[in-house]
Amino acid sequence: MPGNISVLFIMELIGTAAFSCSGAMVAIKKNLDLLGIVVLGVITAVGGGMIRDVLLGIHPPTLFLKPVYVTVAVIAAIIIFLLMRSKNISRFLLTAEYYDWTMNLLDAIGLGAFTVVGVNTSISAGQGDFQFLTIFLGVITGVGGGLLRDMMACEVPAILRKHVYACASIAGAVFYAYIGSRISQDMALILSATLVVVIRLLA
């Protein structure tokens, strides 16, 4: 239905922008050039969805069929690059305290959005009867981009060093799988994504 598609699409765009910004932040911290910043931003934004689509047998993956997601990711990464050209902003955001806070916020938003998008995509692909699969695909959609980002940046993946990172995604995926058929899809998406963000930030 149009309302459901609209909420889902908006959530995808929010998650894409947030994850792209987090990838760009890591790239800037690693002193990569503009191409490196854009590549790391795009990989973070669409990597989880690409892994999900491959596992679901969706070929080619959605990112190639709907370039709007890559476009949003590129724009978000370039905006971060331009902001960081200001010495005052870069000095502020790259200090350890504010960098960690910003990364946690961006990761929480992206994680919440993409976890529920992953579960919903799995159900829409006809896998709704296999709850373990839908939950797994929700989690891999949520954490996959960050995993690829950290590997490319030669960092220990957040999923392995921040226990509540994966647990927050699992909680949101389970919650969505449970309530998705009991309330409206819009409400299920919003509540489940909010749960992930709250758990991640509280951690």
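Trainee: By the ring rule, what does the count of aromatic pairs come to?

Mentor: The count comes to 2 aromatic pairs. Keep in mind that this is a predicted model, where local features need pLDDT of at least 70 and side-chain atom pairs pLDDT 80 or more, while totals for chains, interfaces and linings use all residues. Residues are numbered from 1 along each chain as its sequence is written, and side-chain values use heavy atoms, with hydrogens and water left out.

Trainee: Why is the pair of Phe19 and Phe114 called stacked?

Mentor: Rings of Phe, Tyr and Trp (its six-membered ring) pair if their centres lie within 6.5 Å, and planes under 30 degrees apart count as stacked, over 60 as edge-to-face and the rest as tilted. For Phe19 and Phe114 the centres are 5.6 Å apart and the planes meet at 25 degrees, so the pair is stacked.

Trainee: And what makes you say that the pair ties together parts of the chain?

Mentor: Phe19 sits in helix α1 and Phe114 in helix α6 (residues 96-127), so the pair joins parts that are 95 residues apart in sequence. Helices here are DSSP runs (H or I, at least four residues), numbered from the N terminus.

Trainee: Are Phe19 and Phe114 buried or exposed?

Mentor: The cut-offs are under 20% relative accessible area for buried, over 50% for exposed and in between for partly exposed (1.4 Å probe, protein chains only). Phe19 has 0%, so Phe19 is buried. Phe114 has 8%, so Phe114 is buried too.

Trainee: What makes Ser6 partly exposed?

Mentor: Its relative accessible area is 36%, so Ser6 falls in the middle class. Ser6 is in helix α1 (residues 2-29). Ser6 and Asp186 are 180 residues apart in sequence, yet 9.0 Å apart in space, C-alpha to C-alpha.

Trainee: How do you know that the charged end of Lys29 sits over the ring of Tyr99?

Mentor: The rule asks for NZ of Lys or CZ of Arg within 6 Å of the ring centre and within 35 degrees of the ring normal. The charged end of Lys29 sits over the Tyr99 ring, 4.6 Å from its centre. Arg182 does likewise over the ring of Tyr178, at 4.1 Å from the centre.

Trainee: Which residues lie nearest the centre of the largest pocket?

Mentor: Glu12, Arg52, Thr62, Tyr69 and Thr121, out of 23 lining residues. A pocket is an open set of points on a 1 Å grid over the protein atoms alone, where a 1.4 Å probe fits, with protein on both sides within 12 Å along at least five of seven lines; lining residues have an atom within 4 Å of a point. The elements that give two or more residues to this lining are α1, α2 (34-56), α3 (62-65) and α6, and α2 gives the most, with 6 residues.

Trainee: Why is Leu63 counted as buried?

Mentor: Leu63 comes out at 14% relative accessibility, so Leu63 counts as buried. Leu63 lies in helix α3 and, beyond neighbours within four places in sequence, is in contact with Val46, Met50 and Val70.

Trainee: What is the peptide bond from His59 to Pro60?

Mentor: That bond is cis, with omega near -10 degrees. Pro60 is in the loop between α2 and α3. Most peptide bonds are trans, and most residues other than glycine have a negative phi.

Trainee: Which value does phi take in Asn31?

Mentor: Phi of Asn31 is near 60 degrees, a positive value in a residue other than glycine. Asn31 is in the loop between α1 and α2 and has 69% relative accessibility, so Asn31 counts as exposed.

Trainee: Where is Cys154, and why is Cys154 called exposed?

Mentor: Cys154 is in the loop between α7 (131-152) and α8 (158-161). Its relative accessibility is 72%, so Cys154 counts as exposed. Phi of Cys154 is near 60 degrees, again positive in a residue other than glycine.

Terms used: Contact = heavy atoms within 4.5 Å.
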